[in-house]
Amino acid sequence: MQKVGFFKSIHVKLVLIYVLLIIIAIQIIGLYFSQKLEENLIDNFQSSIEQRIDLVEYSIREELLKQRDETMPTIEVSLTTILREFSTGDLNEIRVIDSRNRVLATSDLNNQLLVGQKSNDDIIKKAFTTEDSFEKIALDQNTQNRVWLLATPILDTMGPDSEVIGAIYIESDIEKIFDQMDEINQIFAIGTIMSLVITVVLGILVARTITRPISDMRRQAQAMAKGNFSRKVRVYGTDEIGQLAIAFNNLTNRLQESQSTTEGERRKLASVLSNMTDGVIATDRRGRIILINEPAARLLHMSQEETLNRPVASVLGIEDEYSFEDLIYMKEPLNLDFSTDEAPYILRANFSVTQKETGFVNGLITVLHDITEQEKNDMERREFVANVSHELRTPLTTMRSYLDALAEGAWREENIAPHFLNVTQTETERMIRLVNDLLNLSKMDSQEYELNFELVEFNKFFERIIERFEMSKSQNVDFIRLLPETSYFVEVDTDKLTQVIDNIISNAIKYSPDGGNIRFGFTVHDNMLKVMISDDGMGIPKENVGRIFDRFYRVDRARARSMGGSGLGLAIAQEMIEAHGGKIWAESEEGAGTTIFFTLPYELDEVGDWE
Ligand code: ATP
Ligand code: MG
């Protein structure tokens, strides 16, 4: 969060407002006060001077109206004497002007040259014309002091009409009043500064009581933005700010609660998304991936990071065929085929649109599901049916052609008929074998069968089967026994296991040349008995070794069929060995021979029991 600048802080603003208000108030009071005080002082000064002037005026009027003779001193001298007498204290100078506007006398000794000269002061002229006093404040050119000038007409009121017989002009020093005012203003200014300092200090303290909770709340809000809800704002009182602080704390609690609920929901959703086996991809309204769960990333063989923000169609590898709009309107699931030559890999994608209440498309949810297995099963099933039909059709067509020939009269031919019947018999037996094998497999698929376990000494059991083959073998092959001396006991379903070993041995004989060897052996490892039946016949090409346990699989179809095989023997063997809890596999080299291994679970204790 942005830091609040010093001058932008409420604290400083509040203090500034206080100070400004105080300054304005003090200024208004001060201005009014000094104005009034100045007026008052000037009034007092003027009225004291005017009182004295009244006296002077009286004496001068008497003097001017007096009948003069030679014994008396001249009017100028006597006026000067009067003026000198009054010209004391604040009065700088008093002049008497006669009716013809000439200076009759002045109290100022240095200014005696003025006597007899015409006076041209405007206030004297005004006093003459209006017969009233005039005053003004002017600046003394010599002393640079302010002076108060007053011109008062001297009226002769003896006659019927009053008549101006002269005027008195005075100049008094008013500067000291202004000096006094300056002093008072200075005192006032100092008072103002002092009160300002005090109010600033008080203002800071008072403002703190308001701003402290506010900055507390600010810090709290900042902490909340960072996800820290543990702080609480201190409540200082019950005023508006206190209430605000309480409301703020409530808000914090509610926010914390709702945040933890949202967080909980988010976690639940995240765990649902990551624990489901289906892949889920969510996009924004422009089709860019905003969420992809772990299984989806795994199914697409990508990391979550590298898919985020990419268009969903490109991540699914269908951007050439479908646009994002096409996916939005896609009602049917879409199969994405990522199969390679080595392995099939098919994903099924279901699309659903997320919409706002207004119907506005908000995004697309894609659910991915691995259907490789299902597709493979479907394919296997189709293949199986095709195989079964094919396997049955071959003997049936053979039989039909032989039976047709018999029906058309061959039954009468003594040297052909038995052969024809023999062929149909063989084919029927083949079909019965095939159907029996299929029934066996189908039983195992539906787990309808039960294994009848019995404890047998494996050495003897194996030996008996080998002997049976040795007795009946039509081919010139040598049987080599690599069986251990010690007796080992295993718990197996002897019928089923006989069937398995029969098939492996008959295969070995079938695919071995005359004079070949077949080796039999078994070893015991930990809790497994590992059986080995090995031949040095034609072998199996490397790429096909893994497939010989598939149903109907034959390396060389034509040759195998001629040997009576349908390709189900090893498939049944695998089912049976797995039902026993073991494994079966083959190792082979083309032209050098084949070894079939299978394991059976073996418990060591049983040996001890029987010994
Ligand atoms: P069935 O056993 O049903 O009569 P089959 O022997 O052809 O017919 P499997 O036993 O399942 O079928 O064997 C599958 C195929 O594996 C055989 O057709 C053969 O091509 C190959 N095969 C099995 N054993 C050997 C072996 N010992 N040597 C070479 N090829 C073998
Ligand atoms: Mg076989």
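Which side chain does the side chain of Ser534 join in a polar contact of 3.4 Å? Select Thr595: the polar contact runs between these two side chains. (A polar contact is a pair of N or O atoms within 3.5 Å; within protein, one must be able to donate a hydrogen and the other to accept it, and residues adjacent in sequence count only if both atoms are side-chain atoms.)

This is a predicted model, where local features need pLDDT of at least 70 and side-chain atom pairs count only at pLDDT 80 or more, while totals for chains, interfaces and linings use all residues. Residues are numbered from 1 along each chain as its sequence is written, chains are lettered from A and ligands numbered from 1 in the order in which they are written, and side-chain values use heavy atoms, leaving out hydrogens and water.

Stay on Ser534. Its place is strand 15, residues 528-535. (Strands are DSSP runs of E, at least two residues; helices are runs of H or I, at least four; both are numbered from the N terminus.) Ser534 is buried, at 6% relative accessible area. (Buried means under 20%, exposed over 50%, partly exposed in between, with a 1.4 Å probe and protein chains only.)

Next, select the magnesium ion, ligand 2. Asn503 (OD1) and Asn507 (OD1) coordinate it at 2.2 to 2.4 Å. (Donors are N, O and S atoms within 2.8 Å of the metal, or 3.2 Å for Na, K and Ca; water is not among the atoms, so sites may look incomplete.) Asn503 and Asn507 are 4 residues apart in helix 13, so about one helical turn separates them. Asn503 is buried at 17%, and Asn507 is buried at 16%.
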